[in-house]
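Take a first look at the fold shown here. The paragraphs below walk through it step by step.

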Amino acid sequence: MKVIAAGFSKTGTKSMFLALSELGYNVYDFHDHFWHHCDQWSKIYSSSTGGTIEDFKEMYESVDAVTDAPPYLFWEEILQAFPDAKKTGDRMVSLEPDPKNQCSDHLGHRWLTCLTYKVILTTRDEEEWYQSVLGQNKVMKRNYIYQVMQILSPTGWKYYKFFRDTMTCLSGLRMRHPFDLMFVKNEMQVRKCFRQHQEYCKQNCPPEKLFAYDVRQGWAPLCKFLGKEIPDKPFPHENVAGNIVDNLMAKHPALIRIQREMKVTVALISFALIFGSYKIYKNGFVELLTNFWSSVQLK
């Protein structure tokens with residue numbers, strides 16, 4: 001684990017995911033956390049003891065970076081699980097020159113013995129953030145397939161519970177069903193959650209490990225911080241106007257599997273309805289009711 005993106009959802013987390021991936025990191029985002037670690041997160045959410053540092057070590061030992069929920073809610077525990085980044089072969093350009101942080105090899109190159117900063121706090125104006133949350137939820141509510149597939153698929157139902165429990169952990173509000181986007185029903189509480197999280201990170205993350213960053217700043221400060229060359233392409237801006245749902249449904253293996261299971265369920269329900277209608281038509285509705293009533297009386 002080299003980078004923990006601790007910024008709240010809708011502060012540019014999807015852009016951070018793409019940017020870190022472009023820079024060569026193996027990154028897990030929200031749907032990857034579900035796809036690879038749903039059972040572990042369910043344990044963390046539901047058991048009386050929650051998770052342990054060893055759980056986080058096991059989950060993210062082979063992962064370079066994490067973005068979005070649930071990890072940003074547990075950035076402290078993940079930081080405890082991976083307190084020191086291993087020395088890498090990446091050239092490091094310090095944000096501020098500090099000879100105490102650097103050493104030289106036999107070629108005279110300067111390297112950091114470890115990554116001083118590990119937590120990236122993506123930031124955003126609160127009003128912009130809230131309006132973006134509202135826009136995202138409008139898109140989700142309009143996508144009926146996205147909501148229905150969570151009911152008609154076993155994996156989809158697990159996905160709904162994962163999303164529900166994450167929102168409960170985040171805000172204290174509990175979704176009652178996949179159509180119930182309670183997270184935006186209490187503006188005051190939602191805004192308070194955002195402010196508390198951002199300020200908590202600033203106040204409690206070790207200053208030498210924290211880097212506050214606005215994705216609108218682009219490649220330069222991020223690459224300087226991480227010691228990476230600036231890619232020869234524009235900085236990614238993903239999930240503009242909340243369009244990420246359609247993209248993920250087309251590309252992410254978790255949502256593709258859910259859609260396939262939904263199609264099987266719909267096919268089985270359709271077959272049952274057609275077969276039942278055929279039996280009623282063949283035997284006659286009155287005769288069918290008479291036979292049914294007779295069998296009930298015999299019992």
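A residue counts as buried when its relative accessible area is under 20%. Aspartate 68 has a relative accessible area of 5%, so it is buried. Keep that cut-off in mind, and keep in mind that this is a predicted model.

Begin with the whole chain. The protein has 12 helices and 7 strands. Of its 299 residues, 45% count as buried. Among contacts with a separation of 6 or more, 71% join residues 24 or more positions apart.

Strands of a sheet pair through backbone hydrogen bonds, either parallel or antiparallel.

Follow the pairing from strand to strand. Strand 1 (residues 3-5) runs parallel to strand 3 (residues 65-66), and 2 bridges join them. Here isoleucine 4 has valine 66 in strand 3 as its bridge partner. Strand 1 also pairs with strand 6 in the parallel sense, again over 2 bridges. On that side isoleucine 4 stands opposite valine 119 in strand 6. Strand 6 then pairs with strand 7 in the parallel sense over 4 bridges. In this pair isoleucine 120 stands opposite phenylalanine 211 in strand 7.

Which way do the side chains of strand 6 point? In a regular strand the side chains alternate between the two faces of the sheet. Val119 and Leu121 point one way from strand 6, while Ile120 and Thr122 point the other way. All four are buried.

Turn next to a pair of helices. The axes of helix 2 (residues 30-46) and helix 3 (residues 53-60) come within 11 Å and cross at roughly 170 degrees. Helix 2 and helix 3 are therefore roughly antiparallel to each other. The residues of their contact divide into 5 nonpolar, 3 polar and 2 charged. Helix 2 contributes His33, His37, Gln40, Trp41, Lys43 and Ile44. Helix 3 contributes Asp55, Phe56, Met59 and Tyr60.

Leaving aside neighbours within four places in sequence, tyrosine 60 is in contact with Met1, Tyr28, His33, His37, Trp41, Val66, Pro71 and Phe82. The largest nonpolar core has 53 residues. Those with the most contacts inside it are Met1, Ile4, Trp41, Tyr60, Trp75 and Val119. Apart from it lies another core, of 18 residues, including Tyr25, Val27, Leu222 and Leu226.

Finish in the loops. Which residues other than glycine have a positive phi there? Lysine 10 has a phi of about 75 degrees. Lysine 10 lies in the loop between strand 1 and helix 1 (13-22). With a relative accessible area of 13%, lysine 10 is buried. Aspartate 68 has a phi near 65 degrees. Aspartate 68 sits in the loop between strand 3 and helix 4. Proline 70 lies in the loop between strand 3 and helix 4 (75-81) too. The peptide bond from alanine 69 to proline 70 is cis, with omega near -5 degrees.

Key:
Residues numbered from 1 in each chain as written. Predicted model: local features only at pLDDT ≥ 70, side-chain atom pairs only at ≥ 80, totals over all residues. Heavy atoms only, no water. Axes fitted to C-alpha atoms, helices over the stretch in contact; angles between N-to-C directions. Parallel < 35°, antiparallel > 145°, perpendicular 65-115°, else oblique. Contact = heavy atoms within 4.5 Å. Nonpolar A, V, L, I, M, F, W, Y, C, P; charged D, E, K, R; others polar. Pairing = 2+ DSSP bridges. Core = buried A, V, L, I, M, F, W, Y, C linked by side-chain atoms within 4.5 Å. Buried < 20%, exposed > 50% of the residue type's maximum accessible area, 1.4 Å probe, protein only.
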